[in-house]
Amino acid sequence: MSKKKIVLAYSGGLDTSVILPWIRETYDCEVIAYAAELGQGDELKAIRRKALASGASECVVRDLRKEFVADFLGPLVRSGAVYENTYLLGTSIARPLIAKEQVRIAHEFGADAVAHGATGKGNDQVRFEVTYMALDPSLKIIAPWKNPRFELRSREAAIDYARARNIPVDASRRSIYSRDRNLWHLSHEGGELESTWAEPKDHMLVLSVPIEKAPSRPGYVEVDFKAGVPTGLDGKRMDGVKIIEQLNALGGRHAVGQVDLVENRLVGMKSRGVYETPGGTIIREAHRALESICLDRETLHYKHRVALRYAELVYYGQWYTPLRPALDAFFDEVARPVTGTARIKLYKGNCRALGVKSARSLYVPDLASFTMGDQYDASDAVGFIKLFGLPAKVAGMVRRKSGDGRKPAHKKRSKSRPRNRGQHI
């Protein structure tokens, strides 16, 4: 395909470091490197110099942290979505924002194609490309890992390719992890993690300490919320970016938010990864605790069911589809009364709410108490249980009448096996 100008989603990591010169050499075109600042720490310090040295005609760096927190992490927190009950969706939630800005940059520079470095076996290829298709179907998509001419199909081969062209990369044959970092989390894949039997090595951790090295004294923090959104810590109001940064530091010191899981990828295979999400884990626990007193039973239970679908939408890269904003409208409404404060205890990798308070609390001490009071007459439960259990009673009557209600026959003891009359151990 003939291309004049391509915008590459460029992280400066191993994959995109080798893909940038490969695209330029293969398509003989201008390549604009684009990096999104989402809270990677020091990773973007020298990225412009590195991109230009690798053959990019321009390197665009966009600070998207505030948008990331307000428009992506905010809805994620309000939804309570967790993929397969474990993964807090740190990489998944960032991809649609990165791809959205990439399309915008393609329009600014008059590019006719966009490119990414996601492999042909992972989820990110779907997340990037579905977003491109949703926001501008006219843009051509360059995905080297799916091009038969692309021969760098292992991290070892990519390292050799980078060395041959004097491209500096952090990965080595000794430390070969594939990592993705942003404000919300840091993921690790590859290396010994490709074996489900291997224990992750302590030196792999970046945002947090190993559990054995966490302090012997617990840490505490109070997280304030308004309408389901974190607004401050320990009574001090601050913006979302600062909240996550401080909770990452605090949670990391106490080894909070470390997850080792085997997940089901969208493309059909299982993969193993280790995720560090210290701040996100604290926020999720605080939000869960506050919901427990602010939401009624029916709303809370239904929200849990919808959150599972929302997690799939995020994981599958379907952010820019009609269902997602429709579900956001539901979660926004549900979050309206979720205002208050949760007190969290952090200790040796554990994170749990010790206390929660809200002016919108539905918890009534007099009702919850074992002491009977004027607001609850226990005799009312007699009629309630009769009506509630009526379907079970009718079904039981029918079973007995038809003979299905007989007791199951005991299994006959084999004559060849004498009864054990000794003491049970």
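This is a predicted model: local features need pLDDT of at least 70, side-chain atom pairs count only at pLDDT 80 or more; totals for chains, interfaces and linings use all residues.

Trainee: How many helices and strands does the protein chain have, and what does its C-alpha trace span along the principal axes?

Mentor: The protein chain holds 13 helices and 14 strands. Its C-alpha trace spans about 80 × 65 × 50 Å along the principal axes. Of its 425 residues, 46% are buried. The accessible surface comes to about 23700 Å², and carbon and sulfur atoms account for 51% of that area.

Trainee: How should I read a helix, and is α1 largely enclosed or left open?

Mentor: One may look at its span and then at its burial. Helix α1, residues 14-27, reaches 20 Å from its first C-alpha to its last, close to the 20 Å expected at 1.5 Å a residue. Twelve of the 14 residues of α1 are buried, so this helix is largely enclosed by the rest of the structure. Among those buried residues are Leu14, Ile19, Trp22 and Tyr27.

Trainee: What covers the buried residues of α1, and which residue follows the helix?

Mentor: The cover includes the strands β1 (5-9), β2 (30-37), β4 (113-115) and β5 (140-142), together with the helices α2 (47-53) and α6 (155-164). After α1 comes Asp28, which has a positive phi near 50°.

Trainee: How many residues of α4 are buried?

Mentor: In α4, 16 of the 20 residues are buried, so α4 too is largely enclosed by the rest of the structure. This helix covers residues 90-109 and reaches 29 Å between its first and last C-alpha, close to the 28 Å expected at 1.5 Å a residue. Gly110 follows α4 and has a positive phi, near 65°.

Trainee: How do strands come together in a sheet, and in what order do β8, β9, β10, β13 and β14 stand?

Mentor: Strands of a sheet pair through backbone hydrogen bonds, in either a parallel or an antiparallel manner. Here the five strands form an open sheet in the order β10-β9-β8-β13-β14, with antiparallel pairing. β10 (236-237) and β14 (350-357) stand at the edges with a single partner strand each, so one side of each has no neighbour in the sheet.

Trainee: Does Glu291 count as buried or exposed, and what does it contact?

Mentor: Relative accessibility decides this, and buried means under 20%. Glu291 has a value of 6% and therefore counts as buried. Glu291 lies in helix α8, residues 278-294. Leaving aside neighbours within four places in sequence, Glu291 is in contact with Arg78, Leu300, Lys303 and Val338.

Trainee: Which residues make the nonpolar surface patch of about 390 Å²?

Mentor: That patch is made by Val364, Leu367, Met372 and Tyr376. Leu367 belongs to helix α11, residues 365-368. With a relative accessible area of 44%, Leu367 is partly exposed.

Definitions and conventions: Residues are numbered from 1 along each chain as its sequence is written. Side-chain values use heavy atoms; hydrogens and water are left out. Patches are made of residues with over 30% relative accessible area and no salt bridge: like charges are joined within 9 Å, nonpolar side chains (Val, Leu, Ile, Met, Phe, Trp, Tyr) within 5 Å. Accessible areas come from the Shrake-Rupley method with a 1.4 Å probe; for residues, only the protein chains shown count as cover. A salt bridge is a side-chain nitrogen of Lys or Arg within 4 Å of a carboxyl oxygen of Asp or Glu. Helices (H or I, at least four residues) and strands (E, at least two) are DSSP runs, numbered from the N terminus. Buried means under 20% relative accessible area, exposed over 50%, partly exposed in between (1.4 Å probe, protein chains only). The expected span of a helix is 1.5 Å times one less than its number of residues. Contact means heavy atoms within 4.5 Å. Two strands pair if DSSP finds at least two bridges between them.
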